[in-house]
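Look at the sequence and the structure before reading on.

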Amino acid sequence: MTDKISRPLPGRAPNHLKNIREAEGMSQAALAHQANLAARTINRVEKGLPCAPSTKGRIAKVFILMTNGLKTYIYEDIFPSKGGDGNG
């Protein structure tokens with residue numbers, strides 16, 4: 001039995017948005033509302049589909065401004081640069 005290795009599909013950019021959103025107990029709809037985006041946009045970004053840099057900026061800003069006393073996020077936590085996390 002071989003382990004399944006997750007590889008991003010061509011044209012998709014892996015990110016940590018879904019993991020971070022879920023860790024913060026936030027729904028796609030709630031994140032979309034706070035970022036002033038459509039929930040469908042959040043879904044597409046989580047899947048690694050292309051989006052405008054301004055969209056990534058709006059999403060990141062929600063988490064960067066969030067202070068729960070446990071974790072502080074930076075842009076690279078959510079949207080790692082290519083090669084920054086070993087996945088691209």
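Two residues are in contact when heavy atoms of theirs lie within 4.5 Å. That cut-off is what packing rests on in the paragraphs below. The model is a predicted one.

The chain holds 5 helices and 0 strands, and along the sequence its pattern reads α-α-α-α-α. It has 88 residues, of which 26% count as buried.

Helix α2 spans residues 28–35, and its buried residues are L31, A32 and A35. Viewed down the axis of α2, these buried residues fall within an arc of 100°, so they line one face of the helix. An α-helix has 3.6 residues a turn, so residues three or four places apart point the same way.

What do the buried residues of α2 pack against? Their partners are three helices: α1 (residues 17–23), α3 (residues 39–46) and α4 (residues 53–65).

The face of α2 turned away from the buried side carries A29 and H33, which are exposed. For a residue, buried means under 20% relative accessible area, and exposed means over 50%.

Just after α2 comes N36, where phi is positive, at about 60°.

Methods:
Residues are numbered from 1 along each chain as its sequence is written. This is a predicted model: local features need pLDDT of at least 70, side-chain atom pairs count only at pLDDT 80 or more; totals for chains, interfaces and linings use all residues. Side-chain values use heavy atoms; hydrogens and water are left out. Buried means under 20% relative accessible area, exposed over 50%, partly exposed in between (1.4 Å probe, protein chains only). Helices (H or I, at least four residues) and strands (E, at least two) are DSSP runs, numbered from the N terminus. The arc is that of the directions from the helix axis to the C-beta atoms.
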